[in-house]
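Me: I would like a close look at a single part of the model that follows. Please set it in the context of the whole chain before turning to details.

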Amino acid sequence: MESPRDTPLFCNEDFRSTMHKLLPWIYACLALSFSACAQPQAQDDAGRRTFGVLYTAWIKPETEGATVRIRLTRHPEWVDWMRFRAEAEKYSGFEGSGTIEEKDGRILWTPPQEDAWIQYRVKLSRQRSDGTYDRYVTKDWALFRADDLVPRVHSSMEDGTRSESKLRVHLPDGWSIVTPYKQYESGRYAIDDPDRLLDQPAGWMLAGRIGTRRDTIGGTRVTVAAPLKQGVHRLDMLAFLRWTLPTLQQIFPEFPDRLLIVGAGKPMWRGALSGPASLYLHADRPMISENATSTLVHELVHVAMRARGGPRADWIVEGLAEYYSLEVLRRSDAISSKRFKAAHTDLARWGKKAPELEVEQSKGPVTARAVGVMREIDADIRAASDGKRSLDDVVRELARDDKAITRERFEALVEQMKR
């Protein structure tokens with residue numbers, strides 16, 4: 001008796017004839033399938049096609065700068081050209097594949113369809129008129145904004161495409177680095193800005209021989225870092241944030257899930273400045289000043305809102321940041337109600353020195369006067385809505401997108417919350 005294994009599979013003439021006719025179609029379908037697998041069309045969460053960008057930076061303390069290379073790692077044919085706004089005193093030595101043209105402080109790069117890259121040098125240190133630095137590179141550390149690594153760029157690409165960008169940083173021996181970005185196992189960082197089609201590095205970075213402390217506060221992974229022996233009280237700052245950050249997160253539910261705070265002492269600028277998911281604070285700045293305001297919380301509000309003022313609307317952005325710095329301290333019981341009221345009284349007195357609000361840059365008396373305006377607006381919204389809404393609802397709306405804040409937009413939202 002024959003076993004099933006010994007029985008011929010194709011023993012029927014009609015079946016063999018049918019298979020012979022179908023084979024060309026089967027081969028064609030297989031070829032199309034293999035072709036689709038060989039050339040995948042990468043897409044983002046919105047279904048748009050993505051091309052790959054890898055930014056590579058070599059930090060070079062001896063030049064107070066870095067060498068940066070931009071490589072289109074996937075589908076360079078989707079990018080027609082990139083135009084960089086490259087100041088000659090900051091960026092130099094452009095070279096790469098394809099064609100590179102320089103004109104009127106602009107670098108026009110037309111990448112080839114294969115092996116597309118452009119490379120240049122950038123000076124990272126920047127000295128201010130008062131002799132201090134707001135970016136600084138030494139033989140032991142470098143504190144700068146990632147924005148400086150890549151000039152402002154305008155690009156032309158195929159419709160319906162956007163970038164998937166990564167950053168890789170090469171450091172001198174013995175150095176480490178902190179950034180506001182998520183890091184892959186490969187050591188590269190994910191650069192993702194939903195508001196831009198071409199993702200570029202942004203936010204504060206610190207590299208070198210540094211001290212770092214980390215904690216997770218209310219769903220946000222917080223990193224506080226500074227060069228060694230610079231007088232930055234990292235653990236004190238984390239303790240202060242454990243007390244105040246949860247209150248800020250209640251006001252701004254979409255607060256970043258990663259926060260980097262960097263600082264240093266002399267010869268750095270004795271101020272503070274925010275960036276995407278990050279901020280810089282000088283070592284000498286107190287967490288709460290004698291007038292009960294907080295530079296640190298002020299900059300955290302900027303981080304939460306990601307706000308930029310339109311023409312002559314900077315008083316709105318700065319007024320909101322200072323108003324909420326006091327509100328966060330009061331609501332978290334970091335300061336008493338008595339001290340909170342005294343702080344507003346002092347600001348109102350200082351604000352009388354500002355003849356107008358609509359100036360190009362809000363600071364000092366202008367910001368102090370703006371705080372009083374914000375307090376009045378909050379009271380008006382609460383009264384008109386029977387306590388159902390407040391200025392909190394306005395700032396949450398402003399924080400939802402990257403649109404510039406104008407007086408017209410701000411006033412429209414205020415009126416909306418009164419209804």
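What is the accessible surface of the protein, and what percentage of it belongs to carbon and sulfur atoms?

Reply: The model is a predicted one. The accessible surface of the protein amounts to about 22,600 Å², and carbon and sulfur atoms contribute 48% of that area. The chain has 419 residues, of which 47% count as buried. Its secondary structure consists of eight helices and 20 strands. Among contacts in the protein with a separation of 6 or more, 65% link residues 24 or more positions apart.

With 18 residues, α2 spans 25 Å from its first C-alpha to its last, which is close to the 26 Å expected at 1.5 Å a residue.

The burial pattern of α2 can be read along its sequence. The buried residues are R234, M237, L238, F240, L241, T244, L245, T247, L248, Q249 and I251. In an α-helix there are 3.6 residues a turn, so residues three or four places apart point the same way. Such a spacing can be followed in the buried set through M237, L241, T244 and L248. The C-alpha atom of A239 is separated by 9.6 Å from that of D215, a residue 24 positions away along the chain.

The nonpolar cores of the protein complete the setting. The largest one has 62 residues, and those with the most contacts inside it include F252, L296, L320 and M374. Helix α4 (residues 314-331) supplies the largest share of this core, ten residues. Another core, of 42 residues, lies apart from it, and V68, I118, A202 and M205 are among its members. Returning to F252, and leaving aside neighbours within four places in sequence, this residue is in contact with V301, A304, M305, V395 and A399.

T50 belongs to strand β1 (residues 49-60). T50 counts as buried because its relative accessibility is 2%, under the 20% limit. The side chain of T50 also makes a polar contact with the side chain of R74, at 3.2 Å.

Terms used
Residues numbered from 1 in each chain as written. Predicted model: local features only at pLDDT ≥ 70, side-chain atom pairs only at ≥ 80, totals over all residues. Heavy atoms only, no water. Helix = DSSP H or I, 4+ residues; strand = E, 2+ residues; numbered from the N terminus. Buried < 20%, exposed > 50% of the residue type's maximum accessible area, 1.4 Å probe, protein only. Contact = heavy atoms within 4.5 Å. Areas by Shrake-Rupley, 256 points an atom, 1.4 Å probe, with all protein chains shown as cover. Polar contact = N/O pair within 3.5 Å; in protein donor to acceptor, adjacent residues only side chain to side chain. Core = buried A, V, L, I, M, F, W, Y, C linked by side-chain atoms within 4.5 Å. Expected span 1.5 Å × (residues − 1).
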